[in-house]
Amino acid sequence: MSGRLVVVGELADGRPTRLTTEVATLGRRVAEDLGRPAVGILVGPDAAAAAETLAGFLPEVVAVDVPELVDLAPAPRVAAEVATLVVPEDGPILVGASPDGRDVAGALAVLLDRAVLANAVDVEVGPEGPTTVTPIFGGKSIVRSRFVGRPGIITVRPSSVDAAPAPAAGRIVGRAPAAASGGPTVRRLERVVEASGEIPLEEAPVVVVGGRGVGGPEGFALLQELAALLGGTVGATRAAVDAGWIPYARQIGQTGKVVRPRLYLGLGVSGAIQHKVGMQTAETIVAVNRDPDAPLSEYADLYVVGDLFEVGRALVAELRGRREGGGG
Amino acid sequence: MRIVVLTKPVPDPASGQDRLGPDWRVDRAAAPAVLNGNDEYALEAALRLVEAHGGEITLLAMAPPSAPETLRKGLAMGADRAVLVTDPALAGSDIPSTVAVLAAALRDLEADLVLAGIDTSDGFAGVVPAALATTLRLPLLSNAAAIEPDPAAGRVRVRRIVQGGYDVLEAPLPALVSCTQALGAPRYPSLKGIMAARSKEIAVRSLADLGPLPRPVGGAVAETVVVAVDPPPPRGATRTVRAPAAEAAREIAEFLAARRLLP
């Protein structure tokens, strides 16, 4: 029997993450091109229930309920369970490149002794098997890579693929946990929720980003308003994060998140290289900045020279007007 | 506490000149090497932990022979010594090779705490910390925004960033922690630190020095290969708008509407 393409899912609040459905959509297409069956694996405290959603994207989903994962850091145990379900003929193994997904992929690489191709935004299939497409150095080059010998693990960047359900729902197979829990234990003592319901930065279709020019935490209120009107979320440059105006989790760039939204709207952002590496693959880039010569003026699609507060407030009024006017 | 900080020299992203050479490996002549940004946060966290709890810091890198220049900055920031694993056979190593080599070097260092940046600015893979922890059977506390060890009790607590908040994790020492910028800005080396760094030890070790490894390593056995390197698809020309705010806002809205970006 030829092996299967494996999609390792991730759970949040009892449901597969959006990234998981994106990876499943990509996995389904790649499996078809490879002529291999695709199978999803979900491991977690409520995997069986979550498998219903993922089965909308894949022909088969294996659910492993591990109730004690509620109190543990999940990645090592998820990787251990997945490793018991993967046979040597299987591959490639697709994992979302979220923080947990990277941990799962790293652990799986060792447990299965498989190579890793990281951060794919697409997977093409040629005569030599799957080839990953990955922007490196913050998008300055696009690298295509493949495995030598058997296919290994591919991590997939958020927002690289539009999630699309399969024409027919797949079947769900429940499995009892099988991994020996001999590994070192990391206990979760507490979960502190600071901003519930916020769209994850990497998953937001629209990101409204503030830089040094925003001037302080209160300035971000305008960005929040714009983000709400545009159906997106707020991000920031390192300067704004370092100044303490907005949490680190919102930072885009070299030591923050890499985002690939449909729309990036930058207000008071200069777009220096350390920030650029985190956002230059956005589909559309619009910027408002007083400085006509800021780096962003060279790679934005639309660059407005002006005061971010004046233009930002006018844009709020304009968008509200259009909404009330029935979409203009 | 004995702390080991994993450090990777990377082409300076701020130079704008980081690129692959004709052999499709990092063109090390094109851009100056710097310590990977997230590794500097890991080192800063280590320095603060040693200031609070005592101990010593060793930098560990697997890198080309030119790496001592880059590691010297970490020593100037306050690390006590460095170990550089370098060997011509390691050029072109894939992730499993890198992990096997770092794991072997780490075993000899007997660390209470291993700190690493969450990812590197050249590859952005971010899988090495978990792979190392799995290889060494160390607890992994990843994506750390705060690290609170209790050496007397033999355990460490970490505040781990998760979507919308954080988890408080606890594990026994020794442990491996992957570090984010939320730990605090790295210090600049002082003049005294720079002077002191000149006489600090950088132990250079070859593959042979590491002894037998559990698997073959290096470029010759890499299980991944680059097949093409292309420039990104060009972005269209920039349209620049200079207009009063209301007019500029209308232009933005129309631009977004034309691209179907308005909800």
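In strand β11 of chain A, residue A:T155 is the bridge partner of A:V95. The strand that holds A:V95 is β6(A), residues 93-96, and four bridges join β6(A) to β11(A), residues 153-156, the two running parallel. Strands and helices are DSSP runs numbered from the N terminus, a strand being E over at least two residues and a helix H or I over at least four; two strands pair if DSSP finds at least two bridges between them. This is a predicted model, in which local features need pLDDT of at least 70 and side-chain atom pairs count only at pLDDT 80 or more, while totals for chains, interfaces and linings use all residues. Residues are numbered from 1 along each chain as its sequence is written, and chains are lettered from A and ligands numbered from 1 in the order in which they are written.

Strand β6(A) also pairs with β1(A), residues 5-8: three bridges join them, and they run parallel. Here A:V7 has A:L94 in β6(A) as its bridge partner. In a regular strand the side chains alternate between the two faces of the sheet. Accordingly, A:I93 and A:V95 point one way from β6(A), A:L94 and A:G96 point the other way, and all are buried. A residue is buried if 20 or more other C-beta atoms, placed from the backbone, lie within 10 Å of its own, exposed if 12 or fewer do, and partly exposed in between.

One bridge partner in β17(A) is A:V288, which faces A:L267. Where the chains meet, β18(A), residues 302-305, and β13(B) pair over three bridges, with A:L302 opposite B:R239.

Ala, Val, Leu, Ile, Met, Phe, Trp, Tyr, Cys and Pro count as nonpolar, Asp, Glu, Lys and Arg as charged, and the others, Gly among them, as polar.

Chain B itself comes to seven helices and 13 strands, and 49% of its 263 residues count as buried. Two of its helices, α3(B) (residues 95-109) and α4(B) (residues 128-136), pack at an angle of about 55° with axes 9 Å apart. That angle makes α3(B) oblique to α4(B), because angles under 35 degrees count as roughly parallel, over 145 as roughly antiparallel, 65 to 115 as roughly perpendicular and the rest as oblique. Among the residues that meet are B:L102 and B:L106 in α3(B) and B:L132 and B:L136 in α4(B). The contact has nine nonpolar, two polar and no charged residues.

Note on methods. Axes fitted to C-alpha atoms, helices over the stretch in contact; angles between N-to-C directions. Contact = placed C-beta atoms within 7 Å.
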